[in-house]
Amino acid sequence: MVSITTEPQTLCASPDVDVVFVINSDEYHVDHAILALENNKFVFVEKPLALNVRDIKRIKSAERNSNCKVMVGYMRRHAAAFVDGVKEIGGMDQVLYARVRDIIGPNSAFVSQSGTFPKRFTDISPEDIEDKTTRATEFVRQALESECGVPITKSSTTMWRILGGLGSHDLSAMREALGMPNKVLGANLGVLFQYPGFAVSYESGIDSVPLFDAHIEIYSQNKSVRVQYDTPYVKGLQTTLHICEKDGDGYRETIIRRTYEDPYTLQLKELYDWLGSARNPS
């Protein structure tokens, strides 16, 4: 029997619940993830996990005090093309340069044209809207003013939300593929990261062109590896792996689609396996 509640405490405390999916608006990720951990439930949180360092520390503390763990929903890292691409990168003699790019059109452009029976709900109370806005304002103030020493403006707020949302996908994939950078060399409309022996350029933003230009590409002396993403809001558009390499005196380009399973499905399969191993360690 399916039970429905509007109270997070009721859901998280239920003995019938093993895993709590926190896939609501960003402003509630932290409190609801902590609530689930306090009730010893495994937690899947859609990105971003949090919008400031203070709240990341709160979640880590709650996880340490819980019998369960947290998984963050960065589905791009679970795409088959990305997993295979990381293996290809690991086989390079030396990385010379890398590029991470994510310039996309508004998601609504894809959803409105391709969604199956899309619905837009309006039964949200003014009190709930005010609570969401208040939380968002406080989170951004904590991040920009308290932690970064940056003045709060419309521009800085917009860029912080883009970085915490869309950008978290890119930086998560960059970290998985290349590790953590040593430092930031410069920033304007993009960022230049310094790694040991090479640099990584990062470009991110949203415009009005209905195009999804998102990829991570790594260059070595004789080979480049590119993971190309398409919008996840149109069913069936695949993430592809592109390998360009020297072939004797010639050139070879390979495009690989190992599976047509989408990254969301692969992510949930990974979650299932993770939960199984966590609950039944060998």
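In this predicted model, the largest nonpolar core comprises 30 residues, and those with the most contacts inside it are L178, V200 and I218. At least two residues of this core come from each of helix 4 (80-90), strand 4 (97-104), helix 8, strand 6 (190-195), strand 7 (198-206), strand 8 (212-219), strand 9 (223-229) and strand 10 (240-247), while helix 8 provides the largest share, five residues. Around V200, neighbours within four places in sequence aside, the contacts are A98, V100, M174, L178, V191, L192, F193 and Y195. A second, separate core has 17 residues, V17, A36, I59 and A62 among them. In soluble globular proteins, nonpolar side chains tend to be buried together.

Helix 8, which spans residues 166-178, also packs with helix 7 (residues 154-164), at an angle of about 45° and with the axes 3 Å apart; helix 7 is therefore oblique to helix 8. On the helix 7 side the contact is formed by I162, L163 and G164, and on the helix 8 side by L166, G167, S168 and L171.

Beyond its neighbours within four places in sequence, Y251 is in contact with C244 and E245, and its side chain makes a polar contact with the side chain of E253 at 3.0 Å. The C-alpha atoms of Y251 and V86, which lie 165 residues apart along the chain, are separated by 22 Å.

How values were computed:
Residues numbered from 1 in each chain as written. Predicted model: local features only at pLDDT ≥ 70, side-chain atom pairs only at ≥ 80, totals over all residues. Heavy atoms only, no water. Axes fitted to C-alpha atoms, helices over the stretch in contact; angles between N-to-C directions. Helix = DSSP H or I, 4+ residues; strand = E, 2+ residues; numbered from the N terminus. Parallel < 35°, antiparallel > 145°, perpendicular 65-115°, else oblique. Contact = heavy atoms within 4.5 Å. Polar contact = N/O pair within 3.5 Å; in protein donor to acceptor, adjacent residues only side chain to side chain. Core = buried A, V, L, I, M, F, W, Y, C linked by side-chain atoms within 4.5 Å. Buried < 20%, exposed > 50% of the residue type's maximum accessible area, 1.4 Å probe, protein only.
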